[in-house]
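Open the model in your viewer and keep the selection panel at hand. We will go stop by stop.

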Amino acid sequence: MNYYLWQNRRMPGDAMIYGGWPNALGISMITGDRIATPATPIDVTLNAESQGRLTDSLLMTGAGRVFSERLVTLLLDMGVSNIDAYPCRVVNAVTGEVREDFRAVNVIGKIACVDPDKSEFEDFGDGSNRILIWDYLTLDETCIGGNRLFPLAEMPVQLVVHRDVKAAIEAAGFTGMEFVPQGDQSFKPASIGL
């Protein structure tokens, strides 16, 4: 098994950012599609209920992904070439602190690789094969073609990562994510939707 499912992981004291993604931006960075270059920097706002320690993969609601510059650098160094990263400011509306060491990240290039016979999930029921929520997913790695990080075509909000990238992220001690082995029937995805 060479690929893992990237999941949000919130530890005690970590910030969970509610409503911080700028809806006025009018774009989504969780579809796996390339977007028009947005005006930058992109401001993500922490309100009173969003306080806590900022993780390297920000835990947030909304239509975007925000990674620390350190995490973006590691991904690029590991050969992940299908990401667009945009300047991003994390603005704490309570304390007035502004952090500029984050990037809004769009992971491009969806790959359809879920093996439905070896997975347990609920789809949208519209015949599109789009996954709404899963209990466990097993991937057909012959469809992946050596990509290091990508969104699933069946569920673009779900990222998949190569084991070498996973190992480097874990060794560096990055926060805000965990990696679930595909086909792991014991994992309960309580963090989906974060």
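This is a predicted model: local features need pLDDT of at least 70, side-chain atom pairs count only at pLDDT 80 or more; totals for chains, interfaces and linings use all residues.

Stop 1: Select W6, F67, L71, L75, I83, L149 and I169. These residues have the most contacts inside the largest nonpolar core, which has 20 residues. Now colour the elements that give two or more residues to this core: β1 (3-8), α1 (69-77), β5 (98-107), β9 (155-162), α2 (163-172) and β10 (177-181). The most comes from α1, with four residues.

As background, nonpolar side chains tend to be buried together in soluble globular proteins.

**Stop 2: L75.** Centre on L75. Which residues does L75 contact, leaving aside neighbours within four places in sequence? Show F67, V80, I83, L149, V165 and I169.

**Stop 3: helix α1.** Select L71, V72, L74 and L75, which are buried in α1. Look down the axis: they lie on the same side of α1, because they cover an arc of only 160°. An α-helix has 3.6 residues a turn, so residues three or four places apart point the same way. Then step past the helix to G79. α1 is followed by this glycine, whose phi is positive, near 90°.

**Stop 4: helix α2.** Select V165, K166, A168 and I169, the buried residues to look at in α2. Viewed down the axis, the buried residues of α2 fall within an arc of 165°, so they line one face of the helix. What do they pack against? Show β1, α1, β9 and β10. Just after α2 comes G173, with a positive phi of about 75°.

**Stop 5: E170.** Stay in α2, where E170 also sits. E170 has 43% relative accessibility, so it counts as partly exposed. Show side chains: that of E170 makes a polar contact with the side chain of K166, at 2.9 Å. Now draw a C-alpha to C-alpha distance from E170 to G183. The two are 13 residues apart in sequence and 20 Å apart in space.

**Stop 6: D115.** Move to the loop between β5 and β6 (120-123), where D115 is found. Is D115 buried or exposed? D115 is buried, yet has no salt bridge. The nearest side chain of opposite charge belongs to K118, 4.1 Å away.

Methods. Residues are numbered from 1 along each chain as its sequence is written. Side-chain values use heavy atoms; hydrogens and water are left out. A nonpolar core is a set of buried Ala, Val, Leu, Ile, Met, Phe, Trp, Tyr and Cys residues joined through side-chain atoms within 4.5 Å. Buried means under 20% relative accessible area, exposed over 50%, partly exposed in between (1.4 Å probe, protein chains only). Contact means heavy atoms within 4.5 Å. Lys and Arg count as positive and Asp and Glu as negative; His and the chain ends are not counted. A salt bridge is a side-chain nitrogen of Lys or Arg within 4 Å of a carboxyl oxygen of Asp or Glu. The arc is that of the directions from the helix axis to the C-beta atoms. A polar contact is a pair of N or O atoms within 3.5 Å; within protein, one must be able to donate a hydrogen and the other to accept it, and residues adjacent in sequence count only if both atoms are side-chain atoms.
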